[in-house]
Amino acid sequence: MDKTIELVNNVKDIHSMPSVIVKALNVMKDPNSGMKELGDIVIFDPSLTVKFLALVNSAYYGFSQQISSVNIALSLLGMNKVKNIIITVAMKPMMSNQGDKEIWRHAIKVAAGCEHLAKMGSVTKADEIFIAGFMHDVGKLVLNANDPALYEKVNQEVAEGAYILDAEKKYFDSDHTKTGALIAKRWQLPVFLTNIIKYHHNPKLSSMPAICNIVYNVDMMVRDDFKPDLLDKEFILGLGLEETEVYELRDTILQKANIMIAELQ
Ligand SMILES: [Fe+2]
Ligand SMILES: [Fe+2]
């Protein structure tokens, strides 16, 4: 059997997506469903409601008044942002393995960065890109769930300078773009998300290179061992930034992401 399929088949507990995410995605797809149905998903899940309101009231969104109900949040944020929050909160329990917490923190950093950059530029699907950033490394969960100790070896080699896809191939005979694309397909995530998960290390191959390139650049930017050389120069110029200003942008993104991480952990 193909190694990627075997790795995905091995991880039964991430085979099905959390039911609130399935419900939220179905509401978004269904033209007959709307704000009320989306709000109900949050309201009927008390722990989701608590996290949801904490995040909505945090400095991440920066509303001046206190938001005390899910329905008010919905009317202020709109359905797409609320769906993004539902997914972000509901994915967290799935990321409880050794090593997953770092994957979760990284997911939030890339999501917050993508949302920030989308606001700076004129990107279509600006609301969708948050979730693309959040999900881009979902394949790492599959590898880590298969063998956390082995994935730790991958992390060590990457810390010593190895290219992540090569290190994963060495230990797992697959990589997180392949396992991620397959799990996204099994979860029936929107095609554009599957595409970004598959090509975020090689955005030129994506059928949505502009969005994929944002994810790629933010992914590089939020790394602890940030190296400006890894960024796409044209992309940075396209944002109207000098190379030195990238450091300020990185700080802003990490500050926003850390607010979200603090509220949700
Ligand atoms: Fe990745
Ligand atoms: Fe990443």
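In this predicted model, the buried residues of helix 14 are covered by elements that include helix 7 (100-120), helix 8 (126-135), helix 13, helix 15 (233-238) and helix 16 (245-264). The buried positions of helix 14 are I211, C212, I214, V215, Y216, N217, V218, D219 and M221.

The loop that joins helix 13 (191-199) to helix 14 (209-221) contains N202. This residue counts as exposed because its C-beta neighbours inside 10 Å number 12, and a residue with 12 or fewer is classed as exposed. N202 and N213 are 11 residues apart along the chain, and a distance of 8.3 Å separates their C-alpha atoms.

A second set of results concerns a pair of helices. Packing of two helices is described by the angle between their axes and by the distance between those axes. For helix 10 (residues 148-159) and helix 11 (residues 164-172), the axes come within 9 Å and cross at roughly 145°. The crossing of helix 10 and helix 11 is right-handed. On the helix 10 side, the contact is made by L150, K153, V154, E157 and V158, which meet I164, A167, E168 and Y171 of helix 11. The residues of this contact comprise 6 nonpolar and 3 charged, with no polar residues.

Key. Residues numbered from 1 in each chain as written. Chains lettered and ligands numbered in written order. Predicted model: local features only at pLDDT ≥ 70, side-chain atom pairs only at ≥ 80, totals over all residues. Axes fitted to C-alpha atoms, helices over the stretch in contact; angles between N-to-C directions. Helix = DSSP H or I, 4+ residues; strand = E, 2+ residues; numbered from the N terminus. Left-handed = near helix turned anticlockwise from the far one by under 90°. Contact = placed C-beta atoms within 7 Å. Nonpolar A, V, L, I, M, F, W, Y, C, P; charged D, E, K, R; others polar. Buried ≥ 20, exposed ≤ 12 C-beta atoms within 10 Å, placed from the backbone.
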